[in-house]
Amino acid sequence: QVQLVESGGGVVQPGGSLRLSCAASGRIFSLTTMGWYRQAPGEERELVATSSSGGRTNYADSVKGRFTISRDNVKNTVYLQMNSLKPEDTAVYYCYTRNRQGVGRESDYWGQGTQVTVSS
């Protein structure tokens, strides 16, 4: 099992910034993907950004140019720097990781979620 602990959510005014962190611990083999998803009230969970162990990143169009994902493979931690926040970024943000034990042996894990509220 892998545990994910998120931190850094909160309330910020439009145009402000927040930095989310997510630390993985437990029975870790290879965290091939680490990333962030979000879910607003009444909406489906959607991808925000992901980062592969090789450094490849992927962003939702809605956050490109404003959010930056990074990871520390030594600390098994992923970060999400969020700048120029908009009210529509308000959601619960979930950390995600895929733990690869071997060929065909992968498991997905989710954090408990952290609330981000963008409001004046």
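A charge is taken to sit over a ring if NZ of Lys or CZ of Arg is within 6 Å of the ring centre and within 35 degrees of the ring normal. By this criterion, the charged end of Arg45 sits over the ring of Trp110, 4.7 Å from its centre, and over the ring of Tyr94, 3.7 Å from its centre. The model is predicted: local features need pLDDT of at least 70 and side-chain atom pairs count only at pLDDT 80 or more, while totals for chains, interfaces and linings use all residues. Residues are numbered from 1 along each chain as its sequence is written, and side-chain values use heavy atoms, with hydrogens and water left out.

Trp110 also takes part in ring pairing. Rings of Phe, Tyr and Trp (its six-membered ring) pair if their centres lie within 6.5 Å; planes under 30 degrees apart are stacked, over 60 edge-to-face, and the rest tilted. Three aromatic pairs are found by this rule. One of them is the edge-to-face pair of Tyr37 and Trp110, with 5.1 Å centre to centre and 70 degrees between the planes. Because Tyr37 lies in strand 4 (residues 31-39) and Trp110 in strand 10 (residues 105-110), this pair ties together parts that are 73 residues apart in sequence. Strands are DSSP runs of E, at least two residues, numbered from the N terminus.

Tyr96 and Trp110 form a tilted pair, 5.1 Å centre to centre with 50 degrees between the planes. Tyr96 is buried, at 9% relative accessible area, whereas Trp110 is partly exposed, at 39%; buried means under 20%, exposed over 50%, and partly exposed in between (1.4 Å probe, protein chains only).

Key
Helix = DSSP H or I, 4+ residues; strand = E, 2+ residues; numbered from the N terminus.
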